Amino acid sequence: MMTTPVTKLTKILDLEAEKYRDQAVVGGLASYVPTWTQEARRAFGPKAGDWIDEIAGRLRTYSALPDTAARREALVTLRDVLNRGPARAEPAPDQAPKPAVKPSEPSPPPRQPPDLESPITVVRGIGPKRSQRLQRLGVHTIRDLLYFLPRRYDDYSQLLPINRLKYGQEVTIIARVKKAYTRDTRGGRSIFKAILTDGTGSVEVTWFNQPYLANQIKQGQQIVVSGEVDEYLGHLCFTSPQWEPLREELLHTNRIVPVYPLTEGLTARSLRRLMKRVVTYWSRLLPDYLPRSVVRAEGLLDLETAILQAHFPSSQELLKRARQRLAFDELFVLQVALLRQRHEWRSEPGQPIPVREDVLQSFVHSLPYELTEAQQRSLEQIVEDLQSERPMTRLLQGDVGSGKTVVAAAAMALTASAGSQAAMMAPTEILAEQHYRTVTSLLDDTLGDDIQVRLLTGSVTGEDRDQIYAGLENGTVGVVVGTHALIQESVTFDRLALAVVDEQHRFGVRQRGALRQKGYNPHLLVMTATPIPRSLQLTVWGHLDVSVIDQMPPGRKPVVTRLILPTERERAYAFVRSQIEKGRQAFIICPLVEESDKLEAKAAVEEYERLQQTIFPHLELGLLHGRMTGEEKESTMARFARGELDILVATSVIEVGIDVPNAGVMLVEGAERFGLAQLHQFRGRVGRGEHASYCLLISDSSSEQAQQRLKAVEETNDGFALARKDLEMRGPGEFLGTQQSGFAQAVLAMELARIADLRLVERAREAARRFFETDPKLADPAHRLLARRVDRILEQGGQIN
Ligand code: ADP
Ligand code: MG
């Protein structure tokens, strides 16, 4: 019979019902939740969400139950729910609750709880057309709508009589229409004018190209007008201001007015009206997953108020608190997810490795150079971890070229010589091959002949592959370097005790997890070249121990960095040409296109063609962008590495640690759009050989701030210093973004973190830490929603290490 998530769980429950000791799965039923929900979701789809959540909640509570009696009872219910199955009718759209007539009056939620995950078309007034347009803005469900936050706000809350208006103010007036008329200009444009009076004076208002206003604004009517006070021929006036008829509740005027991101076919006014309706009705139904204790201790707004205020703020103060609350949520959940992961990793004992001092000595002495102090320090920390009962979960952070590989290689040598196995996973074949060569040469003298070092990538096939598989399974392969090929199901290790992941941000949690799963709680060492300022480290890597290599090997030639004006572009090209004539190769990075990778790819293709045809017609150019398949990217990179291409035109996908010693020039277009740390990464692609090398930054922006930021890259080669500068100038969103991108709430967090300061980030972390101590399994039923969000983060992968 096929094993479905239901039969699988049933078996586990059967097993559990033999003893009620919560030992049916390692770590207890609660720890089985992420796996099960993931499988169930895959098997039954989003419709089964509530059912799956209910079971997940019950599994979690089960682990927390005190005695056998309670557990027996809980198991009975659990089985009932499980047997009931996921099939449950969805409410048809027309049965979905209609917005209340008078939303301001508290009315009980409708009997059938509406689903915030329903498509937006259940909202009255959103038909297929509008729905399509909203989807273009990333809004699919009601929940998305609630979190569809204004891009900015216009503060028109200041109400003044006409005789007190001053030029340049952003204000609101309430006045009567004394006269209204339409005129056509010679250019064929229509002008609608109104003279407004409020007893203190009168003022002229002009709207361009809105002829329909003639039907809406009539003489004698009271209207409200908001906008900036303008001046024409010595008289104060308004030009195309916001307006609406005077009524009880104003939406577009006399308040802090939300300005939403727009798309073709959706007007600001209609969107605002729609949002008002949706937010007023549905925000009441948004369950608050933040633990009550936290909301209270932090003095946060409740979720409903926060959503309402973030859309239609009643004051600047409340607006600020609303956005802080929403940012706090995202940061808090991320932190809890990190803590949860760490907790899971550490709850089981690992495999202490008896480190042999003589092997360590012989490894160190066989190196053609001396380890830097920073490398020694990191290695000591790792050695201590390896010997410990607790599985290591360590991040090795070090700038590009700081020498992380050799440190990892030492750890692998120690592991293999102790009779266990070590694996190193890299994100690309080229990188894996590069590491394989390094590691083989480093370990050659240290490891005995009976311990093999092998390379396993997607290109290794047939007999070779079978041999490696066999060697891994019987333990004769002590060290293996590879790509994703390492985590294929068919790969079995005899005794994997150390898993090393290079360029960890290129892998999702699941992939890193999969490598760990190949052994029994192996030690985990992840490596990254992304410098994160110390003040943010705990936030981003709170679940890992961190070793930092903050020192470069001696004798590195710094890359010469120059800021180039757009008008000097030709000279930059000439310089590139001259370097290629000297036998070097060059990278040219295209500007970042934030809207989509599709547009970015298109722009890159155009730039590549332009460069190839008109600028460098006699050179060999290659192209690399995010829309190419992994294979295409690899083969282009390989051609560049072999020297078959003179210039590699690329988008930011180039970032990862590839070593092409012959590359001497890095030219970055639109440099001001990149973070400083990222520019530093680009720069790290050159300066790896014996030649002098150069980084040219071209910026189209002459803004003082942009220039100042780029000057910092020109002036220092220290990645950490640049990261600190980035933090100062752009706020923490930059780092949370690059580290955590990949799940929706992180995007929101990033968005919100831009307004949030570092203090809020730290507060959320502290609060998460305190909260987590009270309920590390998230088993309390009151924390069910939170647990569900945390599971999602851990499942989705995203970029939690
Ligand atoms: P990354 O930290 O960017 O992964 P690598 O491990 O690739 O850096 O090392 C970069 C280069 O520095 C390699 O060629 C390596 O051999 C060399 N290297 C590493 N450590 C030292 C050292 N202590 N002294 C001199 N060269 C070193
Ligand atoms: Mg590296």
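A salt bridge is a side-chain nitrogen of Lys or Arg within 4 Å of a carboxyl oxygen of Asp or Glu. With that in hand, take D550 and R377, whose side chains form a salt bridge at 3.9 Å, N to O. It links distant parts of the chain, 173 residues apart: D550 is in the loop between β15 (545-549) and β16 (560-564), and R377 is in helix α13 (residues 373-387). Helices (H or I, at least four residues) and strands (E, at least two) are DSSP runs, numbered from the N terminus.

A word on the source. This is a predicted model, where local features need pLDDT of at least 70 and side-chain atom pairs count only at pLDDT 80 or more, while totals for chains, interfaces and linings use all residues. Residues are numbered from 1 along each chain as its sequence is written, chains are lettered from A and ligands numbered from 1 in the order in which they are written, and side-chain values use heavy atoms, with hydrogens and water left out.

Back to the pair. D550 counts as partly exposed at 45% relative accessibility, and R377 counts as partly exposed at 39%. Here buried means under 20% relative accessible area, exposed over 50%, and partly exposed in between, with a 1.4 Å probe and protein chains only.

How many salt bridges does the structure hold? The count is 29. Among them is E204 with K193, at 3.4 Å from N to O. E204 lies in strand β4 (residues 202-208) and K193 in strand β3 (residues 190-197), so this pair ties together parts 11 residues apart in sequence. E204 is partly exposed at 26%, whereas K193 is buried at 11%.

R394 and D385 also form a salt bridge, with their closest N and O atoms 2.7 Å apart. R394 is buried at 9%, and D385 is buried at 15%. Elsewhere, salt bridges that share partners join E298, R763, E766, R769, R770 and E773 into one network.

Now the helix packing. Helix α18 (residues 534-541) and helix α27 (residues 758-774) pack at about 40°, their axes 10 Å apart. That makes α18 oblique to α27; angles under 35 degrees count as roughly parallel, over 145 as roughly antiparallel, 65 to 115 as roughly perpendicular and the rest as oblique. Axes are lines fitted to C-alpha atoms, for helices over the stretch in contact, and angles run from 0 to 180 degrees between N-to-C directions.

Which residues of α18 meet α27? S535, L536, L538 and T539 meet L758, V761, E762 and R765 in α27, contact meaning heavy atoms within 4.5 Å.
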